[in-house]
Amino acid sequence: MTNNSADAIVVGAGLAGLAAAAELGDRGKKVIVVDQEPAHFLGGQAFWSLGGLFMVDTPEQRRMGIKDSYDLALRDWMGSAQFDRDEDAWPRKWAEAYVEFAAGEMRPWLHDMGLRWFPIVGWAERGGSYADGHGNSVPRFHITWGTGPGVLEHFKRRVRDHVGNGLIELKFRHQVSHIIMQNSAAKGVSGEVLADDTAPHGAKTNRDEVGEFEFYAPAVIVTSGGIGGNFEMVRKSWPRDRLGEPPQDMVAGVPFHVDGRMIGISEKAGGHVINGDRMWHYTEGVRNWNPIWPSHGIRILPGPSSMWFDAEGNRLKPPCLPGFDTLGTLKEILKTGHEYSWFVLTQKVIKKEFALSGSEQNPDMTDGGWKEVLFQRILTGSKATAPVEAFKEHGEDFIVANTLTELVNGMNHLGGGLIDEAHLRAQIEARDYQIDNPFTKDAQMAAILAARNYRGDKLIRTAKPHKFLDPANGPLIAVKLHVLTRKTLGGLQTNLDSQMVGADGQVVPGLFAAGEVAGFGGGGYHGYNALEGSFLGGCIFSGRNAGRSRAVA
Ligand SMILES: Cc1cc2nc3c(=O)[nH]c(=O)nc-3n(C[C@H](O)[C@H](O)[C@H](O)COP(=O)(O)OP(=O)(O)OC[C@H]3O[C@@H](n4cnc5c(N)ncnc54)[C@H](O)[C@@H]3O)c2cc1C
């Protein structure tokens, strides 16, 4: 390969870019992969991820007694996506294609590559409304052993093999600022070489320009990720008509490099962004007491038992239950005129139900195996995992107290005095009265009982119902929850070969997009709502499609 030309250029060495590059290398194509970050950031956001994959009708599900199928999954996907726009034509095709992949080739293909999954399948985004509405009818969140790094490892290996045989060249600290077009077709990219940076993995790096570059190829594949690290862009794209005003105070669930800059650059070259107002931000963010990137927040992946209150101490109404309906809950919280909410729970709940999203927050699954999981999660007495206990001890959003009076004092200190103890107590007492029978009129209690019918939840995810105000189940814990930015659901419109499709509906010759920048496929294959695990899954699928496209020279 000459050092500035190739068959294809991949912009962004995250999971989608690595998947595309690996496929191209397998087909003997010469590829230049450029990334603005240093070599030790290879893999982008996926490195930090929990490695959860949306898959359907797998051996892991069957072993847990879950009956799943392509039909059920497609119904769930469409009930969640609620596609209702003309521009949903390509996203809908991508959704159908992905569900087919997730129910068919995905697991055996990844298994052959070396990926393995934790045997208890997680039940994310349960919906909580009607059967034809949003949510997963059954557990589908397959956590990869090794979490995000465990997913990446295999794609990195494939790419490194091709670096070894001279087909792929990796260019770090190369920031693309322009897509070179000739006669309306992509011919390459240009930009700035950035100064070396030895910042810790994930931290903000410098943007000092020390040179320029131009690379040429007849195919340019943009895999530059989303916008979650750029609050200004998040606020600009915020769906005010559906969610109200964007919060002033947010925490960042993604690193600084998730800056959305390549989106405008791709539009200038003829790419067309659709569904930019669809996004996926979480309501259970806490400030990281040990931050890596600016405004670093961690998402709590909650089981169903924490009681959820708004800033004034009013219990949120169903289906706003922990882990049920992300955007529905976000809407309800913002409607209150406050930007945060509260979980109130017990030590028994935090022990069994709190997981923190992120590879570094789950060292047992990231670096260990069965033994570590057992020691970290089961054989810890009344304690939660070490990272959760560390948040309890050091996290500014956590209050631990032996009495409700003490807890409310802490909440009022942190939240500005909006909680009335008698009002909070009355709601918790009412809920505690529901414990005495194995049936109930309380919708959250009913959901908890239903969850425990799933063996996986009963084993590791849903605490046995107990009275919150009984000191034997304490101490009591309150957690102040912030809005945490994560994903864009919209993006660059693409066809099933990951070729960019312009505003006129025509393919832009030589231009491709995959992963989050393409709304994980088509420009928004989730529609309005995601079912979780479909982000990494979508990067793999759309990156693979780009790399396999016959349209690449
Ligand atoms: C903490 C956390 C937990 C998560 N857990 C899960 C999970 O369990 N399951 C799931 O499905 N999803 C999860 N996700 C989401 C998922 O990890 C991301 O959506 C996905 O990895 C995005 O991959 P990508 O390749 O599209 O983009 P990215 O990973 O963002 O990679 C894009 C790359 O492009 C580079 N780049 C951008 N602009 C330029 C430019 N102009 N020039 C050169 N380079 C550029 C960036 O530096 C970056 O390396 C999680 C995310 C986080 C942060």
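Before I count anything: two strands pair if DSSP finds at least two bridges between them. Strands (E, at least two residues) and helices (H or I, at least four) are DSSP runs, numbered from the N terminus.

A note on the source: this is a predicted model, where local features need pLDDT of at least 70, side-chain atom pairs count only at pLDDT 80 or more, and totals for chains, interfaces and linings use all residues. Residues are numbered from 1 along each chain as its sequence is written, and side-chain values use heavy atoms, with hydrogens and water left out.

Entry 1, strands. I found strand 6 and strand 7 running antiparallel, joined by 8 bridges. They form a hairpin with 2 residues between them, and Asn 183 in the turn has a positive phi of about 50 degrees. His 178 stands opposite Ser 190 in strand 7. Strand 7 also pairs with strand 8 (residues 209-216), antiparallel again, over 7 bridges. There, Gly 191 has Phe 213 of strand 8 as its bridge partner.

How many residues surround the ligand? I get 39, and the closest are Asp 35, Gln 45, Gly 52, Glu 516 and Leu 536; a residue counts if one of its heavy atoms lies within 4 Å. Helix 19 gives the largest share of this shell, 4 residues.

A polar backbone atom of Val 176 is 2.9 Å from a ligand nitrogen. For Phe 535, a backbone N or O atom lies 3.1 Å from a ligand oxygen.

Key
A polar contact is a pair of N or O atoms within 3.5 Å; within protein, one must be able to donate a hydrogen and the other to accept it, and residues adjacent in sequence count only if both atoms are side-chain atoms.
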